[in-house]
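I opened the notebook to look up charged side-chain pairs. The entries follow the order in which I checked them.

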Amino acid sequence: MPRSPWLRPDPLLLASTSPTRRLLLESAALPVETASPDVDERAVEASSQGLSPPDLALRLARAKADAVAARHPGRVVIGADQVLELDGTIFHKPRDSDAARAQLARLAGRTHALHSAVALAGAASDGFVETARLTIRPLDARAIAAYVDCAGAEKVRASVGGYQLEGPGIHLFDSVTGDHSTVLGLPLLPLLARLRAAGYLDF
């Protein structure tokens, strides 16, 4: 069994059921357990009028971390959230394929921001936001429909913006500026730096 740098007796607790976020942590040789935060994201957003999109992402991440930490005292808990912004407008996960096509039509030919926030609950209570900027190619209705058919209804509903960069969504882009893990919703380098500073990692 490969050695992990994780020094705590309990695994890191991820306040998310995202398989992508879990895989990112496991790929860094960290033991991970997951717990659903059961947070009403739209209610948090409604109570956060006036916050910038990055600050909203951080508030959502903190709400998730705090909700899970309250049920698991003494654990190191990570909450994460991601806000997609185009010129001040916030996008949510599309409810169906039609909504995904409409979102992609608005994003096509333009650069949008993905604000990925992480909040730690426990002894190392902390939070931060990293931003990636992504430019989608100009796309006509036929190309958008072909992509949605290729990705499938379940996949386009699973991610804000209707795409997953680690899947067929990669075909949509002209350029991506920012760390890959930020795009995937869990900025690893600043997270690992904070875990290291808190004494949770041995290198």
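Is Asp202 buried or exposed, or partly exposed? I find Asp202 partly exposed, with a relative accessible area of 31% (buried is under 20%, exposed over 50%, partly exposed in between, with a 1.4 Å probe and protein chains only).

I note that this is a predicted model, where local features need pLDDT of at least 70, side-chain atom pairs count only at pLDDT 80 or more, and totals for chains, interfaces and linings use all residues. Residues are numbered from 1 along each chain as its sequence is written, and side-chain values use heavy atoms, with hydrogens and water left out.

Salt bridges. I looked up the total and found 11 salt bridges (a side-chain nitrogen of Lys or Arg within 4 Å of a carboxyl oxygen of Asp or Glu).

Entry on Arg3. Asp202 is the salt-bridge partner of Arg3, with 2.2 Å between the closest N and O atoms. Arg3 sits in the segment before strand 1 (12-14) and Asp202 in the segment after helix 8 (188-197), 199 residues apart. Helices (H or I, at least four residues) and strands (E, at least two) are DSSP runs, numbered from the N terminus. Arg3 counts as exposed at 61% relative accessibility.

Entry on Asp126. I found a salt bridge from Asp126 to Arg194 at 2.8 Å, N to O. Asp126 belongs to strand 6 (residues 126-136) and Arg194 to helix 8, so the pair ties together parts 68 residues apart in sequence. Asp126 is partly exposed at 29%, and Arg194 is partly exposed at 28%.
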